[in-house]
Amino acid sequence: MAPQAHAEYDVVCLGSGAAGLTAAIAAHELGLSVLVVEKSSKIGGVAAISGGQAWIPANHLAEEAGIEDSVENAVAYLMWIGGGLGDEARARHYCTYARQAVRFLADHAGLAWQIVPVADDYHGHPEARHSLGPGRLLEVELFPGSSLGAAQSFTRHGPERITASEVYTVAPPEAEIEARRERDERGHGGSLLGSLVKNVLERGIDVWRDAPATELLVADGRVSGVRATHEGSVVEVAARRGVVVATGGYDSSAADRASFDADHAVSTSSLPSVTGDHFRLAGRLGARVAAPFRLPHNFHLPGVPVIRDADGVVQRDASIVRSAAMHAVVVNRRGRRFADETTSASRDAGLFAVDVHEPWKFANNPCWAVWDAQHVARYLDPEAMQTPGIVSAQSLKELAVAAGIDPDGLEEEIARFNANVALGTDPDFGRGSPNAGHIHGGDRSGAEESTLGTIEQPPFHAVRLVQTTMGLPHAGLVTDGFGRVLDWDDVPIEGLYAAGGSVAFLEFGLNYTPGNANARSLLQGFCAGSHLGSSAGHP
Ligand SMILES: Cc1cc2nc3c(=O)[nH]c(=O)nc-3n(C[C@H](O)[C@H](O)[C@H](O)COP(=O)(O)OP(=O)(O)OC[C@H]3O[C@@H](n4cnc5c(N)ncnc54)[C@H](O)[C@@H]3O)c2cc1C
């Protein structure tokens, strides 16, 4: 269709997530005019409904707090947890620029960062080489939604009214949470994105909503702009310096998932508008696409079911049972556990194991969470127990039959688990060992045994778990250190940049550490915006 309108800016950012908005702020800071085009009706992207945490090694807050850390140690940690498969140069780029991006956003965009206490590096502190206790995981303090003015209603956020710091230490009383809800104080990703949106608006950066970018424009051998729909018209927007593709991953594109992921995820807690548009926009210009080998961290184990808000957008993953918490386990159809339920790497590895007895099947998929009355009393409100799909019974055997699990296997497994819990150990999978699992389950006292609890008090309950993508793709475009999109000869496509979930996760290898996704959106947006704003690029 012929364009019905024209507009002109220095930079156009596609997508209003953490990556697109950070790129916009960085470019604007250097004096450029910027437009953000957002496909959905709300600003904020996936980070707005995320946990909001960002893994930022050797950051300025840690330094001020006297926490010893270094870029080199952080690179070594990433390489260790990635099984040596990560791209070391890219890991170093991450560790170098994440701290700079966070500092920049504190100094120039007013983001009120704080260290998330208690939160050790995820994968096995102290045995993971160069892992650190609290210091690397940051979040933004509680954010007043009312400070957004007219944008309050269309800036996306999740339901959380508390910070991760409060979750990991002492949660405020329900009355306080209710008061925050009334005042529209936002926690988790809502505070990170609320803060970015506020700064974007204060700077007078234009943001178009309901404005999907449909095509990149090319003139004189470089990307010169973008075609988008806006207010019912097709608009051609010239981008004098360049275009930043920050359209996120491909969670809501079944075709892209089938192309890149050897999986069968059936649910997503990402957004319906995250449909791999970067592949189609940049692919037509010869952009390289990489799909590095990585365990599928877009699987989220306790993910049943997903709650959606009025416009169909996921508000949160309603994990009705916290399988990392006491008195709950996850079992396969044979009734056997297959992982340390508290550790994502262990769970995800288990999910992809092929059954040695029936090699044409996955050994641990489907799988079920199983819990007892003690778990209900400790963690669940009555409403959660009304979730469709939960089966309940007075005995483990009856429960297994009702759920479709092998009854003898389940009974034996739980008896064995209980006997080990009594000894304070899990010799099979190391649950309760000194890793960060206690943060995500148990009573959060920090005690090592706090994720271990017997399953013995009827009624017993089970629910089949749904594998869920979480805005953590592995495949994506390939960029250089400035965020420029590379072609199949590794030559930058002039005027084309990418950041965040649209960029292949090449830096981590086999595994990653929580907070990496938000952090790379921030740092890659920062690098792209900075390079667009300065002809020299970074030192
Ligand atoms: C429940 C949940 C919890 C999470 N918690 C964490 C966490 O605590 N820490 C962490 O590091 N990561 C977390 N993540 C992952 C992380 O939030 C995402 O990887 C990250 O936010 C991606 O940011 P982005 O800016 O690259 O893309 P997105 O946030 O996906 O933004 C892309 C935006 O582009 C828009 N768009 C798409 N196509 C077009 C188009 N054609 N034109 C214009 N706009 C378009 C989309 O509508 C969207 O708004 C979580 C994810 C989920 C779902």
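Good morning. To begin with a definition: helices here are DSSP runs of H or I with at least four residues, numbered from the N terminus. The model I am presenting is a predicted one.

In total, 44 residues surround the ligand. The closest are Gly 17, Gly 45, Gly 51, Gly 248 and Gly 500. By class, the shell contains 22 polar, 18 nonpolar and four charged residues.

I turn now to a pair of packed helices. Helix H3 spans residues 71-81 and helix H4 spans residues 88-109. Their axes lie 9 Å apart, and the helices pack at an angle of about 135°. An angle of that value makes H3 oblique to H4. The crossing of the two helices is right-handed.

Which residues make the contact? From H3 they are Val 71, Ala 74, Val 75, Leu 78 and Met 79. From H4 they are Glu 88, Ala 91, Arg 92, Cys 95 and Thr 96. Seven of the contact residues are nonpolar, one is polar and two are charged.

Finally, consider burial along H3. Ala 74, Val 75, Tyr 77, Leu 78, Met 79 and Ile 81 are buried, and H4 is included in what covers the buried residues of H3. After H3 comes Gly 83, which has a positive phi, near 60°.

Thank you for your attention.

Notes: Residues numbered from 1 in each chain as written. Predicted model: local features only at pLDDT ≥ 70, side-chain atom pairs only at ≥ 80, totals over all residues. Axes fitted to C-alpha atoms, helices over the stretch in contact; angles between N-to-C directions. Parallel < 35°, antiparallel > 145°, perpendicular 65-115°, else oblique. Left-handed = near helix turned anticlockwise from the far one by under 90°. Contact = placed C-beta atoms within 7 Å. Nonpolar A, V, L, I, M, F, W, Y, C, P; charged D, E, K, R; others polar. Near = placed C-beta within 6 Å. Buried ≥ 20, exposed ≤ 12 C-beta atoms within 10 Å, placed from the backbone.
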